[in-house]
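Student: I have a model open and would like to go through it with you. Could we take it one topic at a time?

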Amino acid sequence: MSAVALYARGTEGFDSRVAHAVAVLQSAASEHVGRIVQATSLGAEDMVVTDLIARHHLGVAVATLQTGKLHDETLALIPRIEQRYGLAVEIYAPAAESVVHFVRTNGERAMYQSIELRKACCGIRKLEPLARMLAERSAWVTGLRREQSNTRAVVPFSENDEKGRIKINPLADWSWADVWHYIASHDVPYNPLHDQFYPSIGCAPCTRAVAVGEDFRAGRWWWEDENAKECGLHVAEAPVSLMGVRA
Ligand code: SF4
């Protein structure tokens with residue numbers, strides 16, 4: 001059964017949550033003209049955000065991290081986005097020499113050996129390219145939602161990241177049913193792995209399908225403690241308000 005058939009459900013307040021997400025994005029785009037980017041993981045939420053950006057001509061750049069460990073199904077979404085929306089997706093890859101050195105020193109399966117090595121891998125393949133993506137930007141957009149995990153339960157619509165940039169989370173109050181209802185009603189392209197019980201998709205070695213009843217992010221770094229399951233991309237900071245937008 002497809003993810004749309006399994007999860008899409010129109011619930012009370014959906015239209016107002018969509019309108020609010022657009023308002024959050026519009027406000028941020030007008031405050032950070034030419035200096036705002038969506039850092040898309042190419043997951044379901046981020047595909048919704050990209051659709052909102054393109055549909056409403058918001059002038060937000062779209063960029064992704066090509067860690068070198070993504071599933072083919074994930075990579076295939078990049079040309080689909082470009083064809084569907086007529087925009088160029090910026091791609092940021094890790095420094096080749098850093099990857100070669102790390103793999104030579106620690107092996108291809110280093111992420112399973114310790115949290116330190118897993119975080120070092122994320123540092124090389126994600127955090128350093130992300131820093132380049134954000135270098136000239138004053139704001140960035142994510143698909144974070146409060147419902148995704150305990151560590152994300154207080155995600156605000158807007159916050160300061162650790163570098164003082166504004167981080168916009170327009171889907172903070174959306175449910176999983178909302179995400180799929182939007183995808184179904186707007187025919188948004190999505191990763192077919194979502195149809196195989198992968199709700200949250202990261203690098204191939206660090207993502208597995210979840211079983212019925214398992215937590216949303218149970219398939220990410222499943223061998224680690226629940227509270228350690230972030231790669232460093234999303235560090236909580238104090239929320240700030242957006243002009244004219246519900247915070
Ligand atoms: S998610 Fe896994 S493969 Fe990807 S950068 Fe982090 S440790 Fe490395």
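**Around the ligand and beyond**

Tutor: Let me begin with Trp 221, which counts as buried because its relative accessibility is 1%. Please keep in mind throughout that this is a predicted model.

Student: Okay, and where is the place of Trp 221 in the fold?

Tutor: Trp 221 belongs to the segment after α8, and it is one of the residues around the ligand.

Student: Which other residues are around the ligand?

Tutor: Besides Trp 221, the residues around the ligand are Lys 69, Met 111, Arg 118, Cys 121, Cys 122, Arg 125, Lys 126, Cys 203 and Cys 206. Sorted by class, that shell consists of six nonpolar and four charged residues, with no polar ones.

Student: Switching to helix α7, where is its kink centred?

Tutor: The kink in helix α7, which covers residues 115-134, is centred on Gly 123 and amounts to about 45 degrees.

Student: Which residues are buried in α7?

Tutor: The buried residues of α7 are Leu 117, Arg 118, Cys 121, Cys 122, Arg 125, Lys 126, Pro 129, Leu 130, Met 133 and Leu 134. Among them, Arg 118, Cys 121, Cys 122, Arg 125 and Lys 126 are also found around the ligand.

Student: What do the buried residues of α7 pack against?

Tutor: They pack against the strands β1 (36-40), β2 (61-65), β3 (90-92) and β4 (139-141), and also against helix α6 (96-106).

Student: Staying with α6, is Phe 102 buried or exposed?

Tutor: Phe 102, which lies in helix α6, is buried, because its relative accessible area is 8%. Leaving aside residues up to four places away in sequence, Phe 102 touches Gly 107, Ala 110, Leu 117, Ala 120, Cys 121 and Ile 124.

Student: New topic, then: which residues have a positive phi although they are not glycine?

Tutor: Leu 42 has a phi of about 75 degrees, and Phe 197 has one of about 65 degrees. Most residues other than glycine have a negative phi.

Student: And where do Leu 42 and Phe 197 lie?

Tutor: Leu 42 sits in the loop between β1 and α3 (44-55), and it counts as buried because its relative accessibility is 1%. Phe 197 is in the segment after α8 (176-186), and it counts as partly exposed because its relative accessibility is 40%.

Methods
Residues are numbered from 1 along each chain as its sequence is written. This is a predicted model: local features need pLDDT of at least 70, side-chain atom pairs count only at pLDDT 80 or more; totals for chains, interfaces and linings use all residues. Side-chain values use heavy atoms; hydrogens and water are left out. A residue is near a molecule or strand if one of its heavy atoms lies within 4 Å of it. Ala, Val, Leu, Ile, Met, Phe, Trp, Tyr, Cys and Pro count as nonpolar, Asp, Glu, Lys and Arg as charged, and the others, Gly among them, as polar. The bend at a residue is the angle between axes fitted to the seven residues ending there and the seven starting there. Helices (H or I, at least four residues) and strands (E, at least two) are DSSP runs, numbered from the N terminus. Buried means under 20% relative accessible area, exposed over 50%, partly exposed in between (1.4 Å probe, protein chains only). Contact means heavy atoms within 4.5 Å.
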